[in-house]
Amino acid sequence: MNTKVTDLGPFEKLMTLEVSGETLLAAENRVARKLSREVKIKGFRPGHAPRRVVESVVGAQRLRSDAIDDLLPAMVAEALNESELVPALNPSVDEIVDVDDGVEVQIKVTLWPELDTVPEFRDREIEVNVPDVDEEELRSQIDRMRDQFSELETVDRPVVEGDFVAIDLSASLDGEPIEDATVTDLLLETGSGSFIEGIDEQLIGKKAGDIVAFDGPLPAGFGDRAGEQVTFRVLVKEVKEKRLPDLTDEWVSDVTEFETVEEMRSDLEQRMTEVKRAGSMAQLRNGILEQLLDEMELEIPEGIIGAEMDTILHRFAHELEGQGISLGDYLQVTGQNQEAFVDDLRSRADRNVRTDILLNSIAKAEGIEVSEEEVAEVVDSLARQAGREPEEFRAELGEQENAVRGDILRRKALEMLVNAVVPIDQNGSRIVLIAEETKDDDQPAEETE
């Protein structure tokens, strides 16, 4: 196939493909046979109408157009391979020109921009949170576990924050009782701020038998009357204190998989440290990316930004649809106008594209490659998630397999990037997030034991 490539701009090429008259005729014949099966033609059974009859029904122009559409995917793929071009967007037909022996099809190809030079990233210092777990954090987590097994015990003392108070409550407006605003034996946790505005402050310091009255707004459950100022009357009937179980080996053995307090503490500290380390690693990744992206000076073709915006919007709309929410309802509930939503969409798309370009450029500069085994492993995993056979799933992926390859490439580039920088704490002291043997293997810390 004869292909000519010319420059349209820094990131655009124009490929001119020559389609011979013989090739075009063969394609028209194939399309005619297909149309004869799909189009109802009087006097002929499906699939038996000759080409001249099909052409008279659908028109020569449609036959020619469908034939070119039939030829282009394979021709464009071959031309891209021959020219060693990797498009950032699906190539588009710019013009079709008749020539002496067939047609010339001009295809516009938008390429991924590349950085002339990759910013120096090795040994950059990135501030992150220290992943160590202190004693207060550990004690707080253990107390939350104990709280799940807590009991309420009646006490003879004034209410303090955190107590549970049994109350009778009523409300009135100008002396008239309010319907449905009377409850008895309601158990309320003071300090939770989860009931009537201002009631916590009224109950603190009161004892069983006390009666308090105060003005406040009706809560949200009263529909149109919510927020209306009324007078509440509260009888304190009982004060209950939450008692946590004693932290003993016996209690630990009864309610957990561990035998002793020390075993439980050790396991809990390890798991909390892993969670904090994962958060610190995320900070490290985002921190180095933000630094490098801020240093990038690169004009991105509008088509690439627009395509990424479409991808983000489609994914987001699909998530909303799964929750039974339309995009219009989402904007109304969140108070966003369409212009602000689109601006945010564009900002996210721009960052995503710049990140991809940065990581692609790092991969190229560092000679990072993706093996067929790595692609097969990811495709097999995707097939299992979809409940499909790997071979069938991979065949249907088609050109999308290149997207999988690109994702793997960028992930490897990001791993290498993270391994090359230096995490520090707020005082500028170096901290260890990745074991030295892990750095040698170019693996992220959270994937090692």
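**Chat about helix α10 and the cores**

Author: Let's start with α10: its 29 residues reach 42 Å from first C-alpha to last, close to the 42 Å expected at 1.5 Å a residue. The expected span is 1.5 Å times one less than the number of residues, and helices are DSSP runs (H or I, at least four residues; strands are E, at least two), numbered from the N terminus.

Reader: Ok, and what am I looking at, what cut-offs apply?

Author: This is a predicted model, where local features need pLDDT of at least 70 and side-chain atom pairs count only at pLDDT 80 or more, while totals for chains, interfaces and linings use all residues. Residues are numbered from 1 along each chain as its sequence is written, and side-chain values use heavy atoms, with hydrogens and water left out.

Reader: Which residue caps the N-terminal end of α10?

Author: Asn337 does, with a side-chain oxygen 3.2 Å from the backbone nitrogen of Glu339. That's a polar contact: N or O atoms within 3.5 Å, where within protein one must be able to donate a hydrogen and the other to accept it, and residues adjacent in sequence count only if both atoms are side-chain atoms.

Reader: And just after α10?

Author: Gly367 takes a positive phi of about 70 degrees there.

Reader: What do the buried residues of α10 pack against?

Author: They pack against α7, α8, α9 (327-334) and α13. Among those buried residues are Phe341, Arg354, Leu358 and Ile362. Buried is under 20% relative accessible area, exposed over 50%, partly exposed in between (1.4 Å probe, protein chains only).

Reader: Cores next. Which residues touch the most other members of the largest nonpolar one?

Author: Phe121, Leu284, Leu358, Ile362 and Leu417, out of 50 residues. Elements giving two or more residues to this core include α7 (261-295), α10 (338-366) and α13 (400-420). A nonpolar core is a set of buried Ala, Val, Leu, Ile, Met, Phe, Trp, Tyr and Cys residues joined through side-chain atoms within 4.5 Å.

Reader: What does Phe121 touch?

Author: Leaving out residues up to four places away in sequence, Phe121 touches Ile288, Leu292, Ile362, Glu366, Met416, Leu417, Ala420 and Val421. Contact means heavy atoms within 4.5 Å.

Reader: Switching topic: is Leu320 buried or exposed?

Author: Buried, with a relative accessible area of 5%. Leu320 is in helix α8 (residues 302-322), and beyond neighbours within four places it contacts Ile325, Ser326, Leu327 and Tyr330.

Reader: Last one: how many bridges join β3 to β4?

Author: 7, with β3 (residues 92-99) and β4 (residues 102-110) running antiparallel; pairing takes at least two DSSP bridges. The hairpin joins them through 2 residues, and Val99 stands opposite Gly102.
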